[in-house]
Amino acid sequence: MRNVMPRTRLRQAARSAPVEPRFFSFNDQPKDFSMTGIRRRLSRFFSPRSGRSVILPLDHGVGEGMLPGLEAVGRLLGLVAGREVQGVLLNKGPARAHGAALPPCMGLIVQLSGGTKHALPPYGRTVVCSVGEALRLGADAVSLQINVGNDLEDRMLADFGAMADEAHQAGLPVLAVIAPRGGQIVNEMDPSLISHCIRLGAELGADLTGAPYGGDPASFAEAIESSDTPVLVTGGPGRGDAQRFLAAMEEALACGAAGICAGRNIFQHQDPEEVLDAIVNLVHAPRGEEPGGPGDVPSPGGDAAPDGDASAPDEQDAGPDAGA
Ligand SMILES: O=C(CO)COP(=O)(O)O
Ligand SMILES: N[C@@H](CC=O)C(=O)O
């Protein structure tokens, strides 16, 4: 089944992307032996075949509790076996419980920050895991969530700075997942805010930045082009329409995103395997031979996300409709 993204938008995205799409091979970097550990670990998250990355984040249980679709993290981890997925993102509890059962080649990112949706305000994140514990759990990288545009932003930035420095000292790469979220933010998908998030990841020295795609190819491509840090596009709340989700992901990739780090739109779908297969196909399709559509996924009608948070954007506004 073909996607619903008008081909003209995809062409616009491709035109907005850098002329030379960046291929993320970490062998052509200048020799700096203090970076060897970080480079070796970072390269595990990029397919040598495509130079791109698929990460499955399953770290939503801290914020959301019993999120529909995320009841059995161990079972969901079975999804990555045998698929061209480069990594999973877990909180330390599931990493401890299931890390040993992960395929040996699977990159493990341990989430260092967390906060629940019941807090006042609900967008704060605090450090809940140390770099040392992540290393003991076999982490290949660590991650922190930074929500910008709120009264707790300065603390999240300070936490990121401190933890990133510590992780780098230990040779661990750092994924910054950055989203506009909080009191100062009117529209979490405002393209200029998303561009700022991408820029922020690069400025703060993240090794990977995760950010949502707001549906504006030109600004997304420009921010990616100006970022020294590879950008992974996040998925946002389960939208109940795999077609539109996949079309938006395809557009983000055409803008130069280095891969996809999407959770809810996969594990909340009634057929997570099918959506994950479609994601893998999109991300790892040979350059210049991107699939015409994102694979054969069930029609929107049979597709409702378990939590019903699925306000699909209309065709002209086919970018994700909610934050990471
Ligand atoms: O990176 C992410 C969570 O840590 C992104 O998850 P979603 O795709 O569910 O927004
Ligand atoms: N890392 C995310 C988890 C889910 O979206 C967050 O902290 O919000």
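Where is the place of Pro121? I looked there to begin with. Pro121 is in the loop between strand E4 (113-114) and strand E5 (126-127). I worked from a predicted model, so every entry here is read from a prediction.

**Entry: the peptide bond**

The peptide bond from Leu120 to Pro121 is cis. I noted its omega as near -5°. Most peptide bonds are trans. I marked this loop, between E4 and E5, for a look on screen.

**Entry: ligand 1**

Next I turned to ligand 1. I found that 13 residues surround it. The closest are Asp59, His60, Gly236, Gly263 and Arg264. The side chain of Asp59 has an N or O atom 2.9 Å from an oxygen atom of ligand 1. Gly235 places a backbone N or O atom 2.9 Å from an oxygen atom of ligand 1. For Gly236 I also read 2.9 Å, again from a backbone N or O atom to an oxygen atom of ligand 1.

**Entry: ligand 2**

Which residues are around ligand 2? I listed Asp59, His60, Gln111, Arg125, Gln145, Arg181 and Arg264. An N or O atom in its side chain is 2.9 Å from a nitrogen atom of ligand 2. Arg125 has a polar side-chain atom 2.7 Å from an oxygen atom of ligand 2. The side chain of Gln145 has an N or O atom 3.0 Å from a nitrogen atom of ligand 2.

**Entry: H8 and H9**

I moved on to helix packing. Helix H8 (residues 191-203) packs on helix H9 (residues 217-225) at an angle of about 15°. Their axes are 9 Å apart. That angle makes H8 roughly parallel to H9, because the cut-off for roughly parallel is under 35 degrees. The crossing is right-handed. From H8, the contact takes in Pro191, Ile194, Ser195 and Ile198. H9 brings Ser219, Phe220, Ala223 and Ile224. I sorted the contact by class: 6 nonpolar, 2 polar and no charged residues.

**Entry: H10 and H12**

At what angle do helix H10 and helix H12 pack? I read about 20° for H10 (residues 242-254) and H12 (residues 272-284), with the axes 10 Å apart. H10 is therefore roughly parallel to H12. H10 passes H12 in a right-handed crossing. On the H10 side I noted Ala242, Phe245, Leu246, Met249, Glu250 and Leu253. On the H12 side I noted Val275, Ala278, Ile279, Leu282 and Val283. This contact has 10 nonpolar residues, no polar ones and 1 charged.

How values were computed: Residues are numbered from 1 along each chain as its sequence is written. Chains are lettered from A and ligands numbered from 1 in the order in which they are written. This is a predicted model: local features need pLDDT of at least 70, side-chain atom pairs count only at pLDDT 80 or more; totals for chains, interfaces and linings use all residues. Side-chain values use heavy atoms; hydrogens and water are left out. Axes are lines fitted to C-alpha atoms, for helices over the stretch in contact, and angles run from 0 to 180 degrees between N-to-C directions. Helices (H or I, at least four residues) and strands (E, at least two) are DSSP runs, numbered from the N terminus. Angles under 35 degrees count as roughly parallel, over 145 as roughly antiparallel, 65 to 115 as roughly perpendicular and the rest as oblique. A crossing is left-handed if the near helix is turned anticlockwise from the far one by less than a right angle, and right-handed if clockwise. Contact means heavy atoms within 4.5 Å. Ala, Val, Leu, Ile, Met, Phe, Trp, Tyr, Cys and Pro count as nonpolar, Asp, Glu, Lys and Arg as charged, and the others, Gly among them, as polar. A residue is near a molecule or strand if one of its heavy atoms lies within 4 Å of it. A polar contact is a pair of N or O atoms within 3.5 Å; within protein, one must be able to donate a hydrogen and the other to accept it, and residues adjacent in sequence count only if both atoms are side-chain atoms.
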